[in-house]
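Dear colleague,

I am passing on the structure below, followed by notes on what was found in it. Please read the notes with the coordinates open.

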Amino acid sequence: MLDQTQTSRPPSLWGFWWDAIRSLRPAFSRLSSFLWFATIVAGLTVRTELAGVTSIVRALNLRPQFYNKLLDNFHSSALKLDRLSALWVQAVLHLFPLPLRVNGRLVLVGDGIKIGKRGKKMPAVKLLHQQSESNTKPEYIMGHSLQAVGLLVQAAQSVFAVPLAARIHEGLVWSNRDRRTLLDKMLALLGILDIKDSCYFVADAYYAAHKMVNGLLKDGNHLVTRVKSNAVAYALPKPVTGRKKAGRPTLYGKQIKLRTLFQDKKSMQKMASPVYGERDVTLQYRICDLLWRPVGRIVRFVVAIHPTRGACLLMCTDTSLSASEIIRLYGLRFKIECSFKQAVRQIGTFAYHFWMKGMTPLRHRNGNQYLHRQSSDCRNQIKRKVHAYHVHIQAGVIAQGLLQYLSAVFPGLVWNSFGSWLRTIRPGIPPSELVVANALRQTLPAFLLDSPTCDSLAKFIADRQDKHNMRIFRLAS
């Protein structure tokens with residue numbers, strides 16, 4: 001049993017952090033596995049460098065022999081990954097008081113991210129093409145291709161994306177009969193999260209496809225996305241008058257090239273821009289409900305012209321949603337990009353370095369790895385290694401989400417524990433992940449030194465620390 005004696009202790013950031021992560025205990029078959037995982041999440045939270053598992057050992061001042069214990073936990077079968085992801089979703093909906101809702105629906109954002117990896121003995125590493133307007137990104141990299149899902153949450157005057165899960169979805173082909181695409185795998189990831197409430201799924205133009213629409217509508221959800229300028233739709237067929245003709249009734253009316261909707265300026269209406277952060281900006285827009293042939297049903301298209309950002313063509317499968325809400329929701333899609341930035345630079349969610357000793361080294365510019373002819377032992381070893389990657393990613397996701405939780409719910413306590421200085425502190429804006437991580441770093445010694453009798457995690461970490469190198473904790477206390 002985990003400790004329950006929490007009420008006598010004064011409120012602290014680590015106390016709220018521990019109370020939040022305890023809800024994930026059912027995903028582990030052993031208590032020790034859960035405590036090691038909580039130790040990993042704590043290490044990812046307070047470390048100041050992204051040097052893999054070594055940085056976790058240094059951040060928590062663990063004895064060197066526990067390095068292998070941390071590695072074992074990433075590879076352990078005692079951690080049920082899909083169950084952990086589903087429990088984390090439940091925890092997020094419970095912890096954050098104001099998840100963004102539109103028409104009573106939650107708002108999920110999804111996107112892909114590509115992480116450079118040059119390890120020749122890392123499964124799922126392949127040659128990837130990066131489509132970006134930034135000249136700081138090379139066009140081709142060797143790395144892992146992932147898809148991620150986040151939940152939009154309101155806090156004070158801002159909205160941010162709380163990461164829910166991310167998985168590697170390219171690089172490995174387990175069967176030559178596997179015809180799943182990235183769209184199928186994204187739908188499978190949404191199924192793993194097991195979100196009971198209906199939602200809007202906001203994504204970029206890649207996800208404007210019949211598989212995505214049909215998969216979401218099957219579960220009572222809707223898609224908000226952008227469509228390409230060369231897309232076409234159809235008007236409703238004209239009603240048949242007089243005697244019916246032989247053959248199948250007409251299903252589609254006149255074909256309409258969607259880019260031509262921008263040309264009819266007279267049908268445009270004006271409104272104040274609903275995009276976050278914009279004031280005194282007027283948009284031109286137009287709504288058209290047309291038949292979209294890939295799904296064989298009516299969807300809502302919104303033509304929007306921004307005075308400085310140009311024109312955009314949006315689509316929503318919910319024809320009752322207003323143009324203002326569709327534009328606002330798609331504008332919030334960028335919040336997942338901000339979440340990726342923090343995951344890469346602050347948390348180190350994707351900074352794993354687990355190599356597979358017995359693996360045949362990959363060639364440079366290697367494509368997918370086909371494993372249907374490999375031995376069962378080789379396949380099991382690769383599954384074990386990919387499981388370790390996903391556990392590290394999910395640990396980073398949880399670490400980032402807990403930082404956002406403390407920022408949104410306890411901003412005053414965060415600033416009181418910050419112990420440093422910032423030139424620009426904006427009132428009404430929750431502190432960033434960097435500020436919360438620094439506050440947790442400042443209060444970690446007090447948590448470990450004062451709480452080992454009532455907190456199982458504090459006792460677990462304190463018993464494994466290097467007692468001969470406690471100078472930093474003595475100074476802080």
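**Notes on the structure**

Arg22 sits in the loop that links helix 1 (13-21) to helix 2 (31-46), where helices are DSSP runs of H or I with at least four residues, numbered from the N terminus. This is a predicted model, in which local features need pLDDT of at least 70 and side-chain atom pairs count only at pLDDT 80 or more, while totals for chains, interfaces and linings use all residues. Residues are numbered from 1 along each chain as its sequence is written, and side-chain values use heavy atoms, with hydrogens and water left out.

Arg22 counts as buried because its relative accessibility is 18%, buried meaning under 20% relative accessible area (1.4 Å probe, protein chains only). Its side chain makes a polar contact with the side chain of Asp19 at 3.5 Å, the term standing for a pair of N or O atoms within 3.5 Å, one able to donate a hydrogen and the other to accept it.

The axes of helix 2 and helix 4 (residues 67-75) come within 10 Å and cross at roughly 105 degrees, the axes being lines fitted to C-alpha atoms over the stretch in contact, with angles from 0 to 180 degrees between N-to-C directions. The two helices are therefore roughly perpendicular, a term that covers 65 to 115 degrees. Ser33, Trp36, Phe37 and Ile40 of helix 2 meet Lys69, Leu70, Asn73 and Phe74 of helix 4 in this contact (heavy atoms within 4.5 Å).

Ala439, in helix 12 (residues 433-450), is buried, with a relative accessible area of 0%. Beyond its neighbours within four places in sequence, Ala439 contacts Leu13, Val414, Ser417 and Phe418.

Key:
Buried < 20%, exposed > 50% of the residue type's maximum accessible area, 1.4 Å probe, protein only. Parallel < 35°, antiparallel > 145°, perpendicular 65-115°, else oblique.
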